[in-house]
Amino acid sequence: MALDTGTEALARLAEERVDHRFKGLPPDADGLTVGELAAQRRNLFTDGFATPVLALSAERLEHNLRLMETYAARHGLAFAPHGKTSMAPQLFRRQIEHGAWGITVAVPHQVRVARAYGVRRVFLANELVDAASLRWIDDRQRADPDFRVVCYVDSVRGVELMQAALHGTSRPLDVVVELAAGDGARTGVRTEAECTAVAAAVAAAPGLRLVGVAGYEGEVPRATPERVRAWLRRLVALAVDLDAAGRFADAEEIVVSAGGSAWFDAVADVLAELPGLSRPVLKLLRSGAYVSHDDGHYRKLTPFNRVPEEGALEPAFRLWTQVVSRPSPEQAFVNAGKRDAAYDLDLPFAQVVRRDGTERPATGISVTALSDQHAWLRTTDEADLEVGDWVGLGLSHPCTSFDKWQLIPLAEADGTVVDYIRTFF
């Protein structure tokens with residue numbers, strides 16, 4: 001998929017001036033453009049970066065992009081990685097260059113970001129009932145035949161609101177019925193009978209076109225491989241039944257979409273069972289956390305633990321902090337806290353200590369709590385830690401790591417910073 005319309009917008013990111021808005025960057029870089037600073041190829045550890053600073057590994061990022069491209073292709077899946085993870089157009093571009101069909105988003109603002117930076121296919125994994133946003137999407141779709149948004153529907157009332165906003169459009173909005181992952185799960189239609197009613201409502205709404213079914217298996221209650229596969233087979237059966245009823249008669253292809261970052265192996269297995277339908281089928285995977293992976297939650301949950309022969313994702317984030325207090329042999333504090341590190345799923349993990357250019361494992365050091373601007377460290381007799389040392393922290397949950405940083409250094413293994421990743425949350 002071409003991204004020509006976003007090339008100039010992406011190039012303008014390099015023209016932004018570095019200043020006080022961006023945490024962790026060298027104070028003496030103020031006034032430089034991002035592109036000028038990147039061209040200097042400064043070293044993260046010796047060229048003025050201020051702690052705390054979040055760094056993204058250039059090598060591990062590339063590894064993860066290649067791995068999921070290969071995985072999706074091997075299993076016959078189209079791939080629309082969830083952009084809400086990073087909200088970084090530079091990464092959107094690289095994901096699409098690595099074979100992605102498009103980008104998934106969750107809310108209208110994210111559609112606008114994707115569109116502004118040239119993404120031509122957007123999967124909106126939510127029912128959109130905001131009239132102003134629907135009209136904005138409609139205007140852009142009618143102005144650009146190559147721009148396509150696919151959106152969830154999960155209620156007859158939602159269909160009515162969408163149709164009211166899109167009344168008179170010359171290009172229907174493509175929608176997919178969202179099947180809920182079970183009772184008590186998040187959004188989505190709870191029963192197949194209700195799905196049939198929603199599909200009938202779409203058929204009666206000229207502003208909408210039903211093109212498939214979708215859902216999120218990560219919300220299956222008390223998830224096990226068996227429960228997840230059972231729900232995915234319900235999703236497949238729903239696609240078959242709606243197709244048999246002629247509900248996809250206006251679609252060029254039938255979209256069947258699922259896939260977070262914990263069960264994409266099950267998605268691949270069950271979608272491979274999908275029988276032939278009346279139109280070509282787009283089997284669309286939407287995993288997003290893979291791009292940076294993590295050192296906690298997703299490291300434990302990744303499907304690659306179950307299929308190690310298919311490869312392994314690599315944690316690409318490290319938050320560099322500095323020891324600012326060592327009040328006792330059992331305690332130390334570094335200068336990064338809730339404002340800087342993800343903490344919704346796990347606390348950060350102390351991984352390495354740097355002193356005088358030498359890096360060693362963070363033996364005997366653990367993070368026990370976070371304040372707004374401090375991490376509390378517990379230290380044992382094995383810990384060799386002094387005020388001024390840099391401590392590298394691993395993070396858990398990519399989605400709440402990216403969103404705390406507007407400009408993230410992309411660093412090679414030796415610390416050379418080769419680019420800066422801009423986020424838009």
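So, the largest cavity in this structure has a volume of about 50 Å³. Before I go on, this is a predicted model: local features need pLDDT of at least 70, side-chain atom pairs count only at pLDDT 80 or more, and totals for chains, interfaces and linings use all residues. Residues are numbered from 1 along each chain as its sequence is written, and side-chain values use heavy atoms, with hydrogens and water left out.

Back to the cavity. By cavity I mean a set of points, on a 1 Å grid over the protein atoms alone, where a 1.4 Å probe fits but cannot get out. Grid points are joined across faces, edges and corners, and the volume is the space filled by probe spheres set on the points.

Helices (H or I, at least four residues) and strands (E, at least two) are DSSP runs, numbered from the N terminus, and two strands pair if DSSP finds at least two bridges between them. Here 8 strands make an open sheet, running β2-β9-β8-β7-β6-β5-β4-β3, with parallel pairing. At the edges sit β2 (78–79) and β3 (103–105), each pairing on one side only. β2 pairs with β9 (residues 281–285) in the parallel sense, over 2 bridges, and Phe 79 stands opposite Leu 285 in β9. Packed on the sheet is helix α8 (residues 192–203), which touches β5, β6 and β7; touching here is contact, heavy atoms within 4.5 Å. The direction of α8 makes about 155 degrees with that of β7, using lines fitted to C-alpha atoms, for helices over the stretch in contact, with angles from 0 to 180 degrees between N-to-C directions.

Now two side chains. Is Arg 354 buried or exposed? Arg 354, in strand β12 (residues 349–355), counts as buried because its relative accessibility is 16%; the cut-offs are under 20% for buried, over 50% for exposed and partly exposed in between, with a 1.4 Å probe and protein chains only. Its side chain makes a polar contact with the side chain of Glu 359 at 3.1 Å. That term means a pair of N or O atoms within 3.5 Å; within protein, one must be able to donate a hydrogen and the other to accept it, and residues adjacent in sequence count only if both atoms are side-chain atoms.

Last one: Trp 136, in helix α6 (residues 131–143), is buried too, at 18%.

Note on methods. 1 Å grid on protein atoms, 1.4 Å probe; cavity = no way out; pocket = protein on both sides within 12 Å on 5 of 7 lines; lining within 4 Å.
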